[in-house]
Amino acid sequence: ETEKMKESRPELFDFHGVPMIHYFTDNWENIQNFEARPDDILIATYPKAGTTWVSYILDLLYFSQTFADRQASIPIYNRVPFLEFEVPGIGSGKDLADHLPTTPRLIKTHYPVQFVPKSFWEQNCRVVYVARNAKDNMVSYYHFDKMNMIQPEAGEWSSFFQRFMDGKMGFGSWYDHVNGWWKKKQTYSNIHYMYFEDLAEDTGREIDKLCSFLGISPSADVKDKVVSGVQFDNMKKNKMANYSTIPVMDFKISPFMRKGKVGDWKNHFTVAQNQVFDEDYRKKMKDPTLQFRNEI
Ligand code: A3P
């Protein structure tokens, strides 16, 4: 299966103005008709911004007490379905979401905001958006495309670097994604917009903010367990959180839990690339209210 997929790396194509691969558009009609419930929680991110980290935090906050055994038996990608994922032989995120036995349902998407099924807005669902600084996000995406056989070919770093700036990535431009969701927050208040860098700086503080957004108050004991359970090293060795059970990823190339750092871009960007990047960034990121930290 994996060998076959190696030969069939998907190509990006234009889908309603956004570069996409077919695995995330094949089920489009059904996804658009998805019936959200008022207590559903949507975790929305650009790929590689910290989706799994926040998914695991939410899963532990809600279910570590009541469904303890699922921690040892159900991988995170099955507890928190990836709504638009539609890969023959592996699964359908929409079907998984439709049949989730737990409440609230935690549902993940990488769609740019304009692709989100309308029922989420109609039901006024809570949305947790996680954003990560562009440089680290780019580096993480590069390693991910290398190791994941159902992602487009990463190519050389220098060409990937250019493609990222040009927005020719799966799920489109990072710049459009973070800005699109940021703008949505102005008209739809039920969005908690959070940053990978803040989470790395002080996980406990960010979990407190999340809980206040979600309207939950875990005991000190539960909170301590969550903070420790979601530490990078603990998630990296946790088979239910580290994606080692999924067939399309080649961990010999790179593990899913790769570094988990803020500032790893410094090991990839040349001085010249960094200058080009910063200049281009200033042109694209005009909104002074949306600020990222490239280091902490
Ligand atoms: P790196 O490639 O920089 O290591 P996503 O879940 O959106 O695909 O994002 C994956 C990125 O988040 C990877 O970044 C991964 O290592 C990082 N990550 C996942 N869990 C983490 C954790 N508990 N602490 C820090 N980083 C984490």
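This is a predicted model: local features need pLDDT of at least 70, side-chain atom pairs count only at pLDDT 80 or more; totals for chains, interfaces and linings use all residues.
**Exercise 1.** Which hand does the crossing of α8 and α9 have, and at what angle do helix α8 and helix α9 pack?

*Solution.* Helix α8 covers residues 134-147 and helix α9 covers residues 157-166, and they pack at an angle of about 125° with their axes 10 Å apart. Because angles from 65 to 115 degrees count as roughly perpendicular and those over 145 as roughly antiparallel, α8 is classed as oblique to α9. The hand of the crossing of α8 and α9 is right-handed.

The next step is to find the residues that meet. From α8 come A134, M138, V139, Y141, Y142 and D145, and from α9 come W157, F160, F161 and F164. Sorted by class, this contact of α8 with α9 holds nine nonpolar residues and one charged residue, with no polar ones.

**Exercise 2.** Work out the order of the strands in the four-stranded open sheet, and identify its edge strands.

*Solution.* Reading across the open sheet, one passes β6, β3, β7 and β8 in that order, and the pairing is parallel. The edges are formed by β6 (106-109) and β8 (191-195), each of which pairs on one side only. Neighbouring strands in this sheet are turned against each other by 20° on average, with direction ignored.

For a detail of the pairing, take strand β7 (residues 126-131), which runs parallel to β8 and is joined to it by five bridges; V127 stands opposite I191 in β8.

**Exercise 3.** Describe how α3 and α12 cross, and list the residues of their contact.

*Solution.* The geometry comes first: the axes of helix α3 (residues 51-63) and helix α12 (residues 203-214) come within 12 Å and cross at roughly 60°. In passing α12, helix α3 makes a right-handed crossing.

The contact is then assigned to its residues, which are W53, I57, L58, L61 and Y62 on the side of α3, and T203, I207, L210, C211 and L214 on the side of α12. By class, the contact of α3 with α12 comprises nine nonpolar residues and one polar residue, and no charged residues.

Conventions. Residues are numbered from 1 along each chain as its sequence is written. Side-chain values use heavy atoms; hydrogens and water are left out. Axes are lines fitted to C-alpha atoms, for helices over the stretch in contact, and angles run from 0 to 180 degrees between N-to-C directions. Helices (H or I, at least four residues) and strands (E, at least two) are DSSP runs, numbered from the N terminus. A crossing is left-handed if the near helix is turned anticlockwise from the far one by less than a right angle, and right-handed if clockwise. Contact means heavy atoms within 4.5 Å. Ala, Val, Leu, Ile, Met, Phe, Trp, Tyr, Cys and Pro count as nonpolar, Asp, Glu, Lys and Arg as charged, and the others, Gly among them, as polar. Two strands pair if DSSP finds at least two bridges between them. Angles under 35 degrees count as roughly parallel, over 145 as roughly antiparallel, 65 to 115 as roughly perpendicular and the rest as oblique.
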